[in-house]
Amino acid sequence: MGQMRRHGDQGRGPAMTDRHHLLVHGGTFAAVGDRGDISGYRGGSAPDGMFVRDARHLSRWQLTVDGAVPDTLTPVTDGDTAACVLVPRGGRDEPPAYTLFREQAVGDATFVESLRVTSNRPTPTAVRLAVTADADFTDQFELRSDHRTYTKTGAVRSRQVLGHGVEFTYRRGEWRSVTTVTTDPQPDAVEETGTGARRMVWTLDLEPHGTAELILRVIARPHGDKRALRVPRSPAALQRQIRACEDEFMEGVAFPSGRPELAAACARGLADLAALQVPATGPDGEELRVPAAGAPWFLTLLGRDALLTSLFALPYRPRLAAATLPALAATQATGVNADEVTQPGKIVHEVRHGELAHFGQVPYGRYYGSVDATPLFLVLLGAYVEQTGDTALARRLEPHARAAVGWMLDHGGLTSRGYLVYRADRGGLANQNWKDSPGAICSADGTRPHGPVTAAGAQGYAYDALRRTAWLARTVWQDGTYADLLEQGAGDLRDRFQRDFWMPERSFPALALDGRGERVDALASDAGHLLWSGLLDKEYGEQVGRRLLEPDFFSGWGVRTLAAGQPAYHPLSYHRGSVWPHDNALIALGLARYGLHDEARAIAGGLVDAAAATGHRLPEVLAGYDRDSHPEPVPYPHACVRESRSASAPLALLTAVGGV
C-alpha cells in the first residue's frame, strides 16, 4: 500500500468536474454526466458509475436515440435527483421531432430512471431508444489515480437476459455480487455489444404530440448483503422518500431566526447528513445507521469523522452519537496486528467492505491508523451522557471505555512517553492525526519531523477524554479510585503540555514534538483544538484565540490550517494553508469556551458566507486565498462534495454563537 493513494496524499478524493454530478443516499452513490450517462471511464479525476459498499455496480449507462447520442438542452444539475432535457441531433432548419425528459435518483442500493419522450410533431412519430448497461464490479481502490493493479485469480463475470431486463453477476471464490436491471415496459430486444455490455432497445410509436415513458430500475446486491430491498416505482417516488428522510432528520431542530444564512446552512447540513447515513452493526449485532465520512471516495465509517460529526450534532441530533458509539465499540481492537496497526482498546480509523479488503489486498477492512479516534470516542461518550442523561449507554460501554483508556496509557504512549504518540506505519498513513497527508506535520520552513510524532491536537483530545471518563467513573460507574487516577493523569498532562509545547518567543504552541522531543514550530490551526478541549490555561488560551484571528491565519472565510507567510504555507495545499470547515467549527467552539465571543462570531460569519456562495453547503475544504483579494471563496480542487464533518459544522457554529 505504500504507493496507494491515501486520505492525505492529494486530498480525500479527486475533484468532481463539471461533467460529473453526484447522487448520494443510504450508502449508495452515483456519479453521472451532464446527460445522465455513465461512461465507465477509468483513471479520471472522479469515480464514474453507481457504487455500493466500495464496488461499482453500474459501470456503463448510456442513452442513444435513433442510434445517436442526443444533444443536451438542459444539463443535469446537482440535487436529490438528476434531471436533464435532451433532443435528437439536428440543425436550425429542422426543429427536434421530440424532446426527452430524463430523471434519475438513487436509494439504498438502488438506482431509478424515468425516460419521458414527448413528440413535437402533429403527425405520428417513431422513436428508437437504447440504453447500454454494464456492471464491472470494480473495487473503488482500483479506480484511484495511483494506477495500481490487483490480481484477481478466478474472477468471472456473467450476464443473463431477463424477461424485463438483464442481470450482471461477478464471482471470485466465495465472493459474489449481482446487479439487476429491470424495465417497464420490457425491452423489445437485448443486444450484445461485443464488450460485455448489453443494449436494451425500445421502439416507441408516439401519437401526434403524444408522450411515452420508460422506467428503468437497478438494484445492487453486494457480497454479504442479505437485505430484501424494494425498488421505488419512479425517481419521483424515490425523491419523496428522500425528502421524508430529510424532513424527519430536521424535525425539532430550532433554527436561529436572527441568522437566516446560518439557519440555511444548518438545514442544508442536516439534509446532507440524512443522505450520508450508512449501515453499521453494534456489539450485540444490532443494526445501526451512522454518518459516513463523505462522498465520493469515503462513503463508509471512519472513526474520527463519525465521532466529530456526532459531537457537532449532539445538541440537536443525539441519536447520531447513540449509533456511532456502539458501532465503534463493535469494531474496537482486541488484539495486535501490525498490518492494520491494531492494538487492544484502539478505536478503528476506517472500515471497508469491498472485494480487495475482503481478500486482504488492501488493509482497510479494518484499519486502525489513527492516534485521535480513541480519545475522541471517550470524549463523545462523556459528552453524550452529559447532554442526554442516558447513563445506560455509559454502563453498556464501560468495558470499551476502560479499554480505550488502557490503550491511551499503554500502546498510545501516555505512560511511557507522557503523550499520545504515533509512528508512520508501513503501507498506511504517514500522519495519524486529523492532518493526515504526508507533509502536514512540519516546521515553519516545511521540514518534516523524524521519528515518532507527538501531535498537539491529540494531546488536547486525550486531556478531555481523561476528564470526561473520570466524570463517568465517578457518577455512573461508581468507581472513585479510577476517577481519581484519571483526573490526576489529566492534570499532569496539562502541566507537561504547557511546559513542552509552548513557544514563548511566539506566544503560541508548537504543532508537534519530533522523535527527540524538539518542537515542530509551524504556526497551525491545531492550536484552536486545544481551546476546544480546554488544555490551555486562561492566559495562554486567550493569546492563542486572538492570534488565530490575525490576517495571516484568518482568510476572511475561516482560519487557515497554516498561517500565511511561513515558507511551508500554500493556499492550495491540503493541510498547509487551506481552510477546513470542521477545523474552524472546533476553533469556534474553543473560542466560545474561553469567552472570546467576538472572535467566534467572526469565524462563524466567514464560514456561513462561504456556504451561502455554494448553495449553503460547506465543502470538505476551501483554498486559503484571502477574501479581500478574492471576493468569492476559491474551491479546493480535490475536495469531497459531500462530507459529514462539514455538513455538521454549521450546527457547531450555532452552538458556539447562538441564534442571535
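This passage describes the overall fold of a predicted protein model and then some of its local features. Local features need pLDDT of at least 70, side-chain atom pairs count only at pLDDT 80 or more, and totals for chains, interfaces and linings use all residues. Residues are numbered from 1 along each chain as its sequence is written, and side-chain values use heavy atoms, with hydrogens and water left out.

The protein contains 16 helices and 27 strands. These are DSSP runs numbered from the N terminus: helices are H or I with at least four residues, and strands are E with at least two. The radius of gyration is 26 Å, close to the 26 Å that the globule rule gives for 660 residues, so the protein is as compact as a globular protein of that length. This radius is taken over C-alpha atoms, and the rule is 2.2 Å times the number of residues to the power 0.38. Along the principal axes, the C-alpha atoms fill a box of roughly 85 × 55 × 45 Å.

Of the 660 residues, 61% are buried. Buried means under 20% relative accessible area, exposed means over 50%, and partly exposed lies in between (1.4 Å probe, protein chains only). The protein exposes about 24,100 Å², of which carbon and sulfur atoms supply 47%. Areas come from the Shrake-Rupley method with a 1.4 Å probe; for residues, only the protein chains shown count as cover. Contacts are heavy atoms within 4.5 Å. Among contacts between residues at least 6 apart in sequence, 66% join residues at least 24 apart. The protein carries 70 positive and 78 negative charges, and their mean positions are 3 Å apart. Lys and Arg count as positive, Asp and Glu as negative; His and the chain ends are not counted. Each charge is placed at NZ of Lys, CZ of Arg, CG of Asp or CD of Glu.

An unreviewed UniProt entry lists residues 451-613 as "domain: Mannosylglycerate hydrolase MGH1-like glycoside hydrolase". UniProt positions follow the numbering used here, feature names are shortened, and annotations may be inferred rather than shown by experiment. The span is 54% helix and 6% strand. Its end C-alpha atoms lie 43 Å apart.

Arg-547 sits in helix H13 (residues 538-547). Its relative accessibility is 16%, so Arg-547 counts as buried. Leaving out residues up to four places away in sequence, Arg-547 touches Phe-508, Leu-523, Asp-552 and Phe-553. Val-106 is 441 residues from Arg-547 along the chain, and their C-alpha atoms are separated by 46 Å.

Ala-330 belongs to helix H4 (residues 319-330). Ala-330 is partly exposed, at 26% relative accessible area. Its contacts, not counting residues up to four places away in sequence, are Thr-281, Gly-282, Pro-283 and Arg-366. Arg-221 lies 109 residues from Ala-330 in sequence and 24 Å away in space, C-alpha to C-alpha.

Most residues other than glycine have a negative phi, and most peptide bonds are trans. The bond from Asp-184 to Pro-185 is cis, with omega near 0 degrees. Pro-185 falls in the loop between strands E13 (175-184) and E14 (189-192). The bond from Ala-295 to Pro-296 is also cis, with omega near 15 degrees. Pro-296 occupies the loop between strand E19 (294-295) and helix H3 (303-313).

Gln-478 has a positive phi, near 55 degrees. Gln-478 lies in the loop between helices H10 (456-475) and H11 (480-500), and is exposed at 60% relative accessible area. Ser-507 has a positive phi of about 50 degrees. Its loop joins strands E23 (502-503) and E24 (508-509). Ser-507 is partly exposed, at 31%.
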